[in-house]
Amino acid sequence: MPGAFWQAAGLLVLSNIFMTFAGYAHLKELNHRPWYLAAFVSWGIALVEYLFQVPGNRIGYTVMSLPQLKILQEVITLLMFVPFVVLYMRQGLK
């Protein structure tokens, strides 16, 4: 079932993009607003993230073990976070 692997990976990439924005974009975009507004906006973005993450994990679990699925998610996190920091947040990696 290699198709299931790639489908899961694609959904987890989308999930991670939303998760990264939910967790960190408010530091740039809402840094002069109250924290509770940033939390509310982040929760809305995180809802979309879960709409990709849950099916991605369910599909992935049909072809991978739980540790493999977690390792895939961590690799995706690093691959998504580095461009986010450099391109969107305009910060170097130190």
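Modeller: Happy to go through this one with you! A word on terms first: contact means heavy atoms within 4.5 Å. Please also keep in mind that this is a predicted model.

Biologist: Thanks! With which residues is M19 in contact, leaving aside its neighbours within four places in sequence?

Modeller: M19 sits in helix α1, and its C-alpha atom is separated by 9.2 Å from that of L47, 28 residues apart along the chain. Once neighbours within four places in sequence are set aside, the contacts of M19 are E49 and T77.

Biologist: And how does M19 count by relative accessibility?

Modeller: Buried means under 20% relative accessible area and exposed means over 50%, with partly exposed in between. M19 has 34% relative accessibility, so M19 counts as partly exposed.

Biologist: Let's step back to the whole protein. In what order do its elements run from the N terminus on?

Modeller: The protein has 3 helices and 0 strands. Its C-alpha atoms fill a box of roughly 50 × 30 × 20 Å along the principal axes. From the N terminus on, the order of the elements is α-α-α.

Biologist: What share of the contacts with a separation of 6 or more comes from residues 24 or more positions apart?

Modeller: The chain has 94 residues, and 29% of them count as buried. Among the contacts with a separation of 6 or more, the share from residues 24 or more positions apart is 79%.

Biologist: Now the helix pairs. How are α1 and α2 oriented to each other?

Modeller: Helix α1 covers residues 2-29 and helix α2 covers residues 35-60, and the two pack with their axes 8 Å apart. The angle between them is about 165 degrees, and angles over 145 degrees count as roughly antiparallel. The orientation of α1 and α2 is therefore roughly antiparallel.

Biologist: By class, which residues make up the contact of α1 with α2?

Modeller: α1 passes α2 in a left-handed crossing. By class, the residues of this contact are 15 nonpolar, 8 polar and 1 charged.

Biologist: How is α1 oriented to α3?

Modeller: These two helices pack with their axes 9 Å apart, at an angle of about 45 degrees. That angle makes the orientation of α1 to α3 oblique.

Biologist: What is the handedness with which α1 passes α3?

Modeller: The contact of α1 with α3 divides into 16 nonpolar, 4 polar and 2 charged residues. As for the crossing in which α1 passes α3, it is right-handed.

Biologist: Which element gives the most to the largest nonpolar core?

Modeller: The largest nonpolar core has 6 residues: A9, L12, M64, L69, L72 and I76. Two elements give two or more residues to this core, α1 and α3 (66-88). With 3 residues, the element that gives the most is α3.

Biologist: I'd like to follow one core member. Which residues does L69 touch, not counting residues up to four places away in sequence?

Modeller: L69 belongs to the largest nonpolar core, together with L12 and M64. Not counting residues up to four places away in sequence, L69 touches L12, N57, G60, Y61 and M64.

Biologist: Let's look at A8. What is its relative accessible area?

Modeller: A8 is found in helix α1, and its C-alpha atom is separated by 5.6 Å from that of I59, 51 residues apart along the chain. Beyond residues up to four places away in sequence, A8 touches G56, I59 and G60. A8 is buried, with a relative accessible area of 0%.

Biologist: Is S42 buried or exposed?

Modeller: S42 lies in helix α2 and touches A22 and H26, not counting residues up to four places away in sequence. The cut-off for buried is under 20% relative accessible area. At 11% relative accessibility, S42 counts as buried.

Biologist: And is L87 buried or exposed?

Modeller: L87 is found in helix α3. Its C-alpha atom and that of V41, 46 residues apart along the chain, are separated by 22 Å. With a relative accessibility of 60%, L87 counts as exposed.

Methods
Residues are numbered from 1 along each chain as its sequence is written. This is a predicted model: local features need pLDDT of at least 70, side-chain atom pairs count only at pLDDT 80 or more; totals for chains, interfaces and linings use all residues. Side-chain values use heavy atoms; hydrogens and water are left out. Axes are lines fitted to C-alpha atoms, for helices over the stretch in contact, and angles run from 0 to 180 degrees between N-to-C directions. Helices (H or I, at least four residues) and strands (E, at least two) are DSSP runs, numbered from the N terminus. Angles under 35 degrees count as roughly parallel, over 145 as roughly antiparallel, 65 to 115 as roughly perpendicular and the rest as oblique. A crossing is left-handed if the near helix is turned anticlockwise from the far one by less than a right angle, and right-handed if clockwise. Ala, Val, Leu, Ile, Met, Phe, Trp, Tyr, Cys and Pro count as nonpolar, Asp, Glu, Lys and Arg as charged, and the others, Gly among them, as polar. A nonpolar core is a set of buried Ala, Val, Leu, Ile, Met, Phe, Trp, Tyr and Cys residues joined through side-chain atoms within 4.5 Å. Buried means under 20% relative accessible area, exposed over 50%, partly exposed in between (1.4 Å probe, protein chains only).
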